[in-house]
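Me: I am new to this structure and would like to understand the terms used for it. Could you take me through them?

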Amino acid sequence: MARFDRHPTFRLVLVLALAALLQADGSQVLFEAPHRIEALATALAAAAPQRRLTLCRELTKQFETIATMVAAELPAWLGAEAHRCRGEFALVLHAVPAAAAAADALPAKALRALQLLLRELPLKQAVALAAEWSGAPCNALYQQALALRDAGAEPAAD
């Protein structure tokens, strides 16, 4: 019997499906069979190496396994022990962190303006001026300003 997970068409469909899934910022749940888990792990490691995921194997059974890691570590984790590739799998691709999603959505000029304004103004005023000047959404700028403040990049008080 031919293994279709080694067929070039399967690999192309897998890559395209993962690309569509990874566009979403929210969590995604994938179900996979044991004969395809290694192909999925390799594709995830290549497509989104830093994306956090939780692998659940044999849920509700005696040898239940749950492991959380970044996608780049998954192929090595599966290969570390032969029994890890057996059973039914559910993978949870974790949501992209809100701060990272918001920062990615902001234009560079808005981020630069926010950083400059935060040096001299309270957070609320800096956000309002950066939003007015750049046209970027206030909520995204505010979240970025909070992240900068928490990282120690904002010396001005609120």
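**Salt bridges and a helix crossing**

Reply: The structure holds four salt bridges. This is a predicted model, where local features need pLDDT of at least 70, side-chain atom pairs count only at pLDDT 80 or more, and totals for chains, interfaces and linings use all residues. Residues are numbered from 1 along each chain as its sequence is written, and side-chain values use heavy atoms, leaving out hydrogens and water.

Me: Why is Glu 58 called buried?

Reply: Buried means under 20% relative accessible area, exposed over 50%, and partly exposed in between (1.4 Å probe, protein chains only). Glu 58 has 16%, so it is buried. Glu 88, at 52%, counts as exposed, and Lys 61, at 39%, as partly exposed.

Me: Why are helices H5 and H7 called oblique to each other?

Reply: Angles under 35 degrees count as roughly parallel, over 145 as roughly antiparallel, 65 to 115 as roughly perpendicular and the rest as oblique. The axes of H5 (residues 108-120) and H7 (residues 138-150) cross at roughly 50°, so these helices are oblique. Here, axes are lines fitted to C-alpha atoms over the stretch in contact, with angles from 0 to 180 degrees between N-to-C directions. Helices are DSSP runs (H or I, at least four residues), numbered from the N terminus.

Terms used: Helices (H or I, at least four residues) and strands (E, at least two) are DSSP runs, numbered from the N terminus. A salt bridge is a side-chain nitrogen of Lys or Arg within 4 Å of a carboxyl oxygen of Asp or Glu.
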